Amino acid sequence: MYGEQENIEIPFVRIRLHNSPNYLFCDLTHQVKLIICFISFTHQVLNLIGFILISMSMYSMYFRANFFNTVAMFGFWFTGILLVLYLFHIIEKLYKIPWLKIEFVYCSILAAFYFIASILCASWATHSTFGVAAIFGFCATGAYAYDAWIKYIDIQNGELAQGSRVVSTHKTTNVVSPGSGPRSPVTVIA
């Protein structure tokens, strides 16, 4: 028993942060990140155009218009805040928060609300700009549904929202010498 060595390897996950000032969310070296960046900007444009079209209508005080504008502005601000968090790598630094699950739920709910709001606007397509806003609303529904599907696939694959995962092992060696008390591990990083 004395002089015995016991080797234990413990897996350790370390998140690699990109601290380069030139690294942006829309990095052209990664095709997937480029698609996600494009989808985020598409969300912003569709939200803003839909909001402007409904607001310029003379029927903008009705419930349909208010519901559409509420959905559009919620999507505009929430997507805008997430885009800023991605651009400044705040999501990468707060990797313990389940960002992909939050975005999946957000995109799914917004796709459903946009679908309802677009149907309400399409039923009044003969009035002013409601028909065009409904078209942009259906496009936003598709964009948010596609983004939710991408987030679902990423969650299933165990991806991080931003950054990369590096798995390394720590080798722990327990050395027992005669006359020593309880075992005290000595950590050796390999």
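Okay, quick definition before anything else: when I say helix, I mean a DSSP run of H or I at least four residues long, and a strand is a run of E of at least two, both numbered from the N terminus. With that in hand, Asp 147 is found in helix α5, and we'll come back to that residue in a minute. Please keep in mind that this is a predicted model.

So, the overall picture. The chain has 5 helices and 3 strands. If you read along the sequence, you get β-α-α-α-α-α-β-β. There are 190 residues, and 35% of them count as buried. The chain exposes about 11,500 Å², and carbon and sulfur atoms supply 69% of that. As for contacts, take the ones with a separation of 6 or more: 77% of these are between residues 24 or more positions apart.

Now the annotation. The unreviewed UniProt entry gives "transmembrane region" for residues 34-59, 71-91, 103-125 and 131-150. How do the annotated spans look in the model? I checked a couple. Residues 131-150 are 100% helix and 0% strand, and the end C-alpha atoms lie 29 Å apart. Residues 71-91 come out at 90% helix and 0% strand, with 24 Å between the end C-alpha atoms.

Let's go through some helices. Helix α2 covers residues 63-87, so 25 residues, and at 1.5 Å a residue that should span 36 Å; the end C-alpha atoms are 36 Å apart, which agrees. What follows α2? That would be His 89, and the phi of His 89 is positive, near 60°. Then Ile 90 sits in helix α3, which is residues 90-93. Ile 90 is partly exposed, because its relative accessible area is 35%, and buried would need under 20%. Ile 90 is also part of a nonpolar patch on the surface, together with Val 84, Phe 88, Leu 94, Ile 97 and Ile 102. Between them, those residues have about 500 Å² of accessible area.

On to α4. Its 24 residues should span 34 Å at 1.5 Å a residue, and the end C-alpha atoms are 33 Å apart, which agrees. Ala 117, in helix α4 (residues 99-122), has a relative accessible area of 0%, so it's buried. Ile 119 lies in helix α4 too, but Ile 119 is partly exposed, at 40%.

What does Ala 117 touch? Setting aside neighbours within four places in sequence, Ala 117 is in contact with Phe 67 and Phe 68. Ala 117 and Asn 69 are 48 residues apart in sequence, yet 8.8 Å apart in space, C-alpha to C-alpha. For Ile 119, I'd point to Gly 137: 18 residues apart in sequence and 8.7 Å C-alpha to C-alpha.

Side chains of opposite charge can pair when their charged atoms come close. How many salt bridges does the model have? The count comes to 2. One is between Glu 103 and Lys 151, with 3.3 Å from N to O. That pair links distant parts of the chain, Glu 103 being in helix α4 and Lys 151 in helix α5 (residues 130-157), 48 residues apart. Are these two buried or exposed? Both Glu 103 and Lys 151 are buried.

Lys 151 also forms a salt bridge with Asp 147, where the closest N and O atoms are 3.6 Å apart. Since these two are 4 residues apart in helix α5, about one helical turn separates them. Lys 151 and Asp 147 are both buried as well. Put together, salt bridges with shared partners join Glu 103, Asp 147 and Lys 151 into one network.

And that brings us back to Asp 147. Its relative accessible area is 4%, so Asp 147 counts as buried. What's around it, beyond the neighbours within four places in sequence? Asp 147 is in contact with Ile 39, His 43 and Cys 107.

Note on methods: Residues numbered from 1 in each chain as written. Predicted model: local features only at pLDDT ≥ 70, side-chain atom pairs only at ≥ 80, totals over all residues. Heavy atoms only, no water. Expected span 1.5 Å × (residues − 1). Patch = residues over 30% accessible without salt bridge, like charges linked within 9 Å, V, L, I, M, F, W, Y side chains within 5 Å. Areas by Shrake-Rupley, 256 points an atom, 1.4 Å probe, with all protein chains shown as cover. Salt bridge = Lys/Arg side-chain N within 4 Å of Asp/Glu carboxyl O. Buried < 20%, exposed > 50% of the residue type's maximum accessible area, 1.4 Å probe, protein only. Contact = heavy atoms within 4.5 Å. UniProt positions renumbered as here; feature names shortened; annotations may be inferred.
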